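Have the model open while you read, and follow along residue by residue. We'll begin with one spot in the chain and then widen the view.

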Amino acid sequence: MKSRFAVVLAILVCLVPLIRGSGYSSARAVAAHSVETSAAPHVGYVGDVACRSCHADEFASYHKTAHHLTSMAPGHDSILGNFTPGDNILKTANPNLYFRMDMQHTDEQHGEGKQDSFLQTAVAGTPSHTNSRSERIAFVIGSGEKGQTYLYWSEDQLFQLPVSYWTKLGWVNSPGYRDGFADFDRPIIPRCLECHATHFDALPPPVNRYSTVGFSLGIQCEKCHGPGRAHVEQQASKPSLASRSTILNPAHFSRDRQMDLCAWCHAGHGQPLRPSFSYLPGQPLDEYLQLPPPDPHAPIDVHGNQVDLLKQSRCFRSSNMTCLTCHDVHKTQHDAGEFSQKCLSCHKPGSATFARANHPVTNNCIDCHMPKQETNLIVFDWKGAKMRPRMTDHWIKVYPAANATAVNR
Ligand code: HEC
Ligand code: HEC
Ligand code: HEC
Ligand code: HEC
Ligand code: HEC
Ligand code: HEC
Ligand code: HEC
């Protein structure tokens with residue numbers, strides 16, 4: 001899932017004494033690739049706070065979700081990694097390279113008062129002769145449910161930083177980065193931010209150029225509901241009128257358009273056909289994004305493509321199931337028992353769609369029929385090992401291996 005356009009220009013720091021200087025070369029290399037040169041219009045959007053007064057419940061519960069937290073400004077709460085001296089070092093496979101994470105208290109006033117800075121520094125060389133490169137974290141990407149990665153600005157271009165944070169492990173080499181290299185050159189393409197933020201004003205090439213002020217972080221209400229200004233104005237002035245014509249409600253979409261909304265970000269990277277950030281929920285997604293056609297022979301990875309996996313399931317094919325059958329995106333949901341109630345709403349015990357008599361009666365259908373599996377798409381090096389997070393498999397079926405573990409527990 002990580003930027004597949006990224007040209008990795010890592011340089012072995014023990015051979016070349018300098019950590020790579022500027023990111024411009026690789027950004028130019030990817031610029032030629034893309035249709036994402038013009039900014040999509042972003043008018044009529046008012047931001048989440050405008051919804052709060054009337055939709056207080058959705059607002060409060062939604063703001064704890066991974067969607068909302070998936071991109072954030074750097075801060076003591078948003079960055080999960082540890083800056084305490086001693087715990088702020090990531091050693092690498094290269095004895096002559098380590099990374100240090102620092103927090104800088106700034107006393108200058110930046111309009112909004114004191115602002116701390118968070119820095120990543122690569123230190124290369126031997127104790128007698130080191131050189132280093134520091135960059136300031138500009139954005140945090142990832143709620144930390146599994147982990148987070150960090151971006152920095154080089155003028156008006158965005159790049160990924162070489163050190164990420166993985167929940168339960170701490171600081172790690174960013175996914176897909178080679179251990180022992182200091183790579184500051186991975187450009188952040190619009191598609192990455194389209195999935196992880198509400199909006200960025202993309203500027204003409206290179207492909208990772210953005211307005212340094214024209215962005216809104218987190219996946220906000222209007223990402224799924226469309227621009228809200230007309231609805232807010234109408235509800236504030238003429239609340240008696242029905243709201244249907246002023247704001248999108250995916251509950252009223254066809255099944256295909258409901259699947260499209262989630263497929264926008266949960267069906268893989270795809271190839272943009274129109275500029276990123278131009279898709280509006282309710283439209284046919286295939287006019288905006290070319291998703292790889294399902295290949296019956298290719299193993300579908302459990303990471304980032306819940307849509308294709310679900311579509312393989314007999315449950316999906318033999319019913320009108322969508323992602324919304326099980327997920328309420330306005331709140332966090334991790335309770336297997338609650339999900340299993342969704343299964344039981346179709347698979348009523350004793351009915352024809354329930355299993356044979358000797359089938360276990362349980363309130364956890366998930367561990368056996370949607371087990372967590374390792375993903376091959378997010379892989380990172382950690383202390384010499386390849387780490388792969390475990391993801392819920394959305395192909396609902398009988399998994400002999402998972403059943404054995406569940407039964408033996
Ligand atoms: C001034 C109060 C007010 C504000 C502000 C407001 N809403 Fe609403 N909204 C309502 C009311 C009242 C309804 C129910 C109206 C109805 O049932 O026809 C509603 C309905 C909705 C619906 C369902 C529409 C449908 O057709 O079923 C959605 C979605 C929605 N609001 C989203 C939002 C979002 C997103 C925002 C912020 C951008 C927002 N609202 C701001 C009052 C408000
Ligand atoms: C604009 C992109 C986008 C859209 C649209 C979107 N998602 Fe997501 N979704 C994400 C990203 C990014 C994450 C990972 C967030 C993180 O942990 O940083 C995520 C995470 C999730 C999670 C995991 C939440 C958790 O607590 O671990 C669920 C469930 C989910 N999405 C369901 C859906 C469903 C259902 C839809 C369609 C109604 C949908 N998403 C639409 C981008 C999107
Ligand atoms: C990831 C996509 C997504 C985001 C973000 C999102 N919603 Fe929704 N919303 C949906 C979907 C899908 C539905 C329809 C299905 C449902 O009821 O769960 C919906 C339905 C609604 C409704 C109508 C509920 C009803 O009973 O008809 C309201 C009101 C609403 N959302 C408000 C909000 C507010 C306010 C926010 C931000 C705090 C928000 N939504 C964020 C996807 C989203
Ligand atoms: C097609 C949409 C899409 C693109 C493009 C994308 N991501 Fe993601 N990302 C997701 C989804 C969805 C998840 C949630 C895990 C899953 O379902 O695979 C996720 C998970 C993550 C996580 C872990 C979050 C957590 O705590 O669980 C990080 C970090 C992350 N992405 C960073 C990035 C970066 C950096 C880029 C661009 C270089 C990127 N992603 C591109 C959709 C996307
Ligand atoms: C919207 C209704 C619906 C929901 C919700 C649902 N299923 Fe199904 N499921 C079906 C239908 C219909 C079939 C096909 C039955 C048939 O063909 O006889 C099916 C088939 C299955 C099968 C057989 C799969 C195969 O490949 O042979 C399993 C196992 C299953 N479901 C488990 C579950 C579990 C576990 C859940 C909850 C995580 C779930 N289902 C949720 C409707 C549903
Ligand atoms: C301990 C593991 C385990 C748990 C827990 C479990 N199942 Fe199953 N399930 C199986 C196995 C193994 C089969 C295949 C053998 C059989 O039919 O008994 C199966 C078969 C099924 C089938 C029929 C598939 C077919 O084609 O005949 C359905 C439907 C199903 N399970 C639904 C559920 C639901 C709903 C739950 C939760 C209430 C659940 N299962 C919990 C292991 C499990
Ligand atoms: C039959 C019920 C069901 C349906 C339908 C369903 N999911 Fe899930 N989903 C689950 C369960 C169960 C989990 C695991 C939740 C947990 O343990 O935190 C999950 C977890 C997730 C996660 C978190 C990733 C992870 O590895 O835990 C994402 C993202 C997600 N679902 C997206 C989707 C999308 C997108 C769709 C539609 C294509 C969808 N889901 C349809 C039941 C469902």
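Phenylalanine 200 touches Pro190, Leu193, Tyr210, Gly214, Phe215 and Phe277, leaving out residues up to four places away in sequence. Touching, or being in contact, means that the C-beta atoms of two residues, placed from the backbone, lie within 7 Å. Take Pro190: it sits 10 residues from phenylalanine 200 along the chain, and the two C-alpha atoms are 7.8 Å apart. Phenylalanine 200 belongs to strand E12, residues 197-202. Helices (H or I, at least four residues) and strands (E, at least two) are DSSP runs numbered from the N terminus.

Is phenylalanine 200 buried or exposed? It counts as buried because 26 other C-beta atoms lie within 10 Å. The rule is 20 or more other C-beta atoms within 10 Å of a residue's own for buried, 12 or fewer for exposed, and partly exposed in between, with C-beta atoms placed from the backbone.

A quick word on the source: this is a predicted model, where local features need pLDDT of at least 70 and side-chain atom pairs count only at pLDDT 80 or more, while totals for chains, interfaces and linings use all residues. Residues are numbered from 1 along each chain as its sequence is written, and chains are lettered from A and ligands numbered from 1 in the order written.

Now zoom out. The protein has 409 residues, and 33% of them count as buried. In soluble globular proteins, nonpolar side chains tend to be buried together. Here, a nonpolar core is a set of buried Ala, Val, Leu, Ile, Met, Phe, Trp, Tyr and Cys residues joined through C-beta atoms within 7 Å.

| Core | Size | Some members |
|---|---|---|
| Largest nonpolar core | 40 residues | including Ile137, Val140, Leu151 and Ile188 |
| Second, separate core | 17 residues | including Met259, Ala263, Leu289 and Val307 |

Those four named residues of the largest core touch the most other members. Isoleucine 137, for one, is in contact with Pro74, Ile79, Phe118, Gln120, Tyr150, Tyr152 and Leu161, setting aside neighbours within four places in sequence.

How far can you trust the model? The average pLDDT is 84, and 82% of the residues score at least 70; pLDDT is the predictor's confidence in each residue, from 0 to 100. Over residues 1-38, though, the pLDDT is below 50, and this stretch has 85 contacts in the model beyond near neighbours in sequence.
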